[in-house]
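This briefing covers one structure, shown below. Points are grouped by topic.

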Amino acid sequence: EARFQDVSIRPGFQQLGLGGHLIREALAATFAPGGVHRAWLVCQQDSHAERLYRRLGFEPRETNVYRY
């Protein structure tokens, strides 16, 4: 398993697609041959990034932990 936590983009660089690009690249490396089969992402509840995480394929769990 892989765990992503405290992923953030500096305020002046937000809304440019950098967060999505960063997470997609990290997932590609994580699930590459010989990699892991499950990824978790931990974020603050009600964060603005939750929409991004869902759009990238993460599924919300009972807490603020998302599974891919």
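A polar contact is a pair of N or O atoms within 3.5 Å; within protein, one must be able to donate a hydrogen and the other to accept it, and residues adjacent in sequence count only if both atoms are side-chain atoms. Under that definition, the side chains of arginine 3 and glutamine 5 make a polar contact of 2.8 Å. The model is predicted: local features need pLDDT of at least 70 and side-chain atom pairs count only at pLDDT 80 or more, while totals for chains, interfaces and linings use all residues. Residues are numbered from 1 along each chain as its sequence is written, and side-chain values use heavy atoms, with hydrogens and water left out.

- Helices (H or I, at least four residues) and strands (E, at least two) are DSSP runs, numbered from the N terminus.
- Strand β1 spans residues 2-5, with Ala2 and Phe4 on its covered face and Arg3 and Gln5 on its uncovered face.
- In a regular strand, side chains alternate between the two faces of the sheet.
- Strand β2 (residues 39-42) pairs with β1 in the parallel sense over 4 bridges; two strands pair if DSSP finds at least two bridges between them.
- Valine 42 in β2 is the bridge partner of glutamine 5.
- Valine 42 is buried because its relative accessible area is 16%; buried means under 20%, exposed over 50%, and partly exposed in between (1.4 Å probe, protein chains only).
- Valine 7 lies 35 residues from valine 42 in sequence, and the C-alpha atoms of the two are 8.6 Å apart.

**Arginine 3 and glutamine 5**

- Arginine 3, in strand β1, has 57% relative accessibility and therefore counts as exposed.
- Leaving aside neighbours within four places in sequence, arginine 3 is in contact (heavy atoms within 4.5 Å) with Trp40 and Val42.
- Arginine 51 is 48 residues from arginine 3 along the chain, with 18 Å between their C-alpha atoms.
- Glutamine 5, also in strand β1, is partly exposed because its relative accessibility is 41%.
- Between glutamine 5 and proline 33 there are 23 Å from C-alpha to C-alpha, at a sequence separation of 28 residues.

- Threonine 30 has a relative accessible area of 14%, so threonine 30 is buried.
- A polar atom of the threonine 30 side chain lies 2.7 Å from the backbone oxygen of alanine 26.
- Apart from neighbours within four places in sequence, threonine 30 is in contact with Ala2, Phe4, Gly35 and Val36.
- Ala2 and Phe4 belong to the covered face of strand β1.

- Glutamine 15 lies in the loop between β1 and α1.
- Its relative accessibility is 78%, so glutamine 15 counts as exposed.
- Glutamine 15 has a positive phi of about 70° although it is not a glycine.
- Most residues other than glycine have a negative phi.
- Phe13, Leu16 and Leu18 form a nonpolar patch on the surface, together with about 300 Å² of accessible area.
- Patches are made of residues with over 30% relative accessible area and no salt bridge, joining like charges within 9 Å and nonpolar side chains (Val, Leu, Ile, Met, Phe, Trp, Tyr) within 5 Å.
- A salt bridge is a side-chain nitrogen of Lys or Arg within 4 Å of a carboxyl oxygen of Asp or Glu.
- Accessible areas come from the Shrake-Rupley method with a 1.4 Å probe, and for residues only the protein chains shown count as cover.
- Leucine 18 is partly exposed because its relative accessibility is 37%.

**Tyrosine 68**

- Tyrosine 68 is found in the segment after β4 (65-67).
- With a relative accessibility of 40%, tyrosine 68 counts as partly exposed.
- Not counting residues up to four places away in sequence, tyrosine 68 touches Leu27, Phe31, Arg38, Ala39, Leu56, Gly57 and Phe58.
- Histidine 37 and tyrosine 68 are 31 residues apart in sequence, and their C-alpha atoms are 9.0 Å apart.
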